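User: I am new to this structure and would like to learn how to read its main features, one after another. Could you guide me through them?

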Amino acid sequence: ADTLERKDLIFTYKGTVYPTTLCTAEIFKAMESFEARRDDVILAGFPKSGTNWFGQILSDLIATAAKNNKNETNHHNDVPEEFPYLEIGDPEKYERMKKLPPRRLIRTHMSPQNLPESIFKNKAKILLLLRNPKDLATSYYHFSLVFSPFPSYESWDSFFKDFMAGKVPWGSYFNYLSEWNKYIVSENVMPVSFEEVKENTYLGVKKIVEFFEFPLNEEEIHAVVQRSSFQSMKTNSKNTHGAFGDVLFRKGGVSDWRNLFEEKHNLEMDKMYKEHLAATTLGTRLNY
Ligand code: A3P
């Protein structure tokens with residue numbers, strides 16, 4: 001991807017920007033045929049909101065629950081050999097996914113209005129991951145510099161412009177949150193924030209366990225919490241993510257935006273927040 005120009009790296013589909021090397025119009029069309037199941041475990045989160053962290057928590061919960069059920073067909077978590085995001089891969093992946101045993105873990109960066117309808121119709125439960133927009137933008141910027149499928153930037157300032165205008169892969173985080181805000185009245189969608197789970201991971205994981213009704217005891221929950229710590233995921237990242245692990249597990253904390261934002265960035269994001277999110281339920285959950 002190093003030789004691709006910026007204009008070749010992104011394309012627009014139904015008004016949202018996506019990365020060309022990961023998504024295609026063909027896969028979006030094929031995705032419409034995806035049939036969700038009532039017991040699917042859906043993880044929805046904008047890029048850099050902590051989707052790998054919560055993916056680890058959920059796949060561990062599924063694996064532990066399956067062990068407890070002693071159900072031989074119920075032993076697996078992520079889709080093997082399959083890129084774990086619903087909208088990334090080849091158009092045949094939805095056919096292959098039909099054959100997977102429960103409970104399937106399905107991750108997505110998509111806005112809800114662009115997701116297959118069956119997810120909502122069939123009442124699959126969705127964990128909606130939230131992260132403070134300033135920290136998310138900071139994480140996104142650092143990631144863009146080293147992740148070749150995403151356009152890179154000469155400066156934080158030029159990234160910030162594109163981030164605010166929704167010109168980064170998966171579009172505007174502010175639109176994303178406004179759209180999801182329309183769906184959270186459903187009892188099948190549970191928003192959880194990066195910051196609250198960082199502050200008290202045990203309570204956060206317990207909430208997730210109760211929401212998806214995983215049959216786990218306290219001890220097992222503690223073990224899942226331990227295996228999902230930033231340090232243990234970072235240490236294990238060569239096995240789980242290869243060379244990619246080094247760029248993914250960067251700092252894993254809260255408030256790193258203070259090292260990057262200048263006053264003008266701060267003011268501009270505060271204005272965006274006030275205009276689009278402050279009055280929404282999700283807006284009040286962003287640790288703003
Ligand atoms: P930073 O860049 O701020 O360090 P995603 O998985 O959606 O791409 O999000 C990546 C962000 O989640 C990175 O943030 C990364 O460090 C952080 N992260 C990954 N695993 C984590 C963990 N176990 N605990 C806390 N943060 C984690």
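**Reading the ligand shell, the fold and the core**

Analyst: Let us start at the ligand, where the shell residues divide into five nonpolar, ten polar and five charged; here Ala, Val, Leu, Ile, Met, Phe, Trp, Tyr, Cys and Pro count as nonpolar, Asp, Glu, Lys and Arg as charged, and the others, Gly among them, as polar. This is a predicted model, in which local features need pLDDT of at least 70 and side-chain atom pairs count only at pLDDT 80 or more, while totals for chains, interfaces and linings use all residues. Residues are numbered from 1 along each chain as its sequence is written.

User: How many residues surround the ligand, and which are the closest?

Analyst: A residue is near a molecule if its C-beta atom, placed from the backbone, lies within 6 Å of it. Here 20 residues surround the ligand, and the closest are Thr51, Asn52, Ser139, Arg250 and Gly252. Two or more shell residues come from each of helix H3 (51–69), helix H6 (133–146) and helix H12 (230–235), where helices (H or I, at least four residues) and strands (E, at least two) are DSSP runs numbered from the N terminus.

User: What secondary structure does the chain have, and why is it called as compact as a globular protein of that length?

Analyst: The chain comes to 15 helices and six strands. Its radius of gyration is 18 Å, close to the 19 Å that the globule rule gives for 288 residues, so the chain is as compact as a globular protein of that length; the radius is taken over C-alpha atoms, and the rule is 2.2 Å times the number of residues to the power 0.38.

User: Which residues touch the most other members of the largest nonpolar core?

Analyst: In soluble globular proteins, nonpolar side chains tend to be buried together. A nonpolar core is a set of buried Ala, Val, Leu, Ile, Met, Phe, Trp, Tyr and Cys residues joined through C-beta atoms within 7 Å, and a residue is buried if 20 or more other C-beta atoms lie within 10 Å of its own. In the largest core, of 59 residues, those touching the most other members are Ile42, Leu43, Ile57, Leu58, Leu61, Leu127 and Leu129. H3 gives the most to this core, with eight residues, and 15 of the 19 residues in H3 are buried.

User: Is Val168 buried or exposed?

Analyst: Val168 lies in the loop between helix H7 (156–164) and helix H8 (173–181), and Val168 is buried, with 25 other C-beta atoms within 10 Å.

Technical notes
A residue is buried if 20 or more other C-beta atoms lie within 10 Å of its own, exposed if 12 or fewer, and partly exposed in between; C-beta atoms are placed from the backbone.
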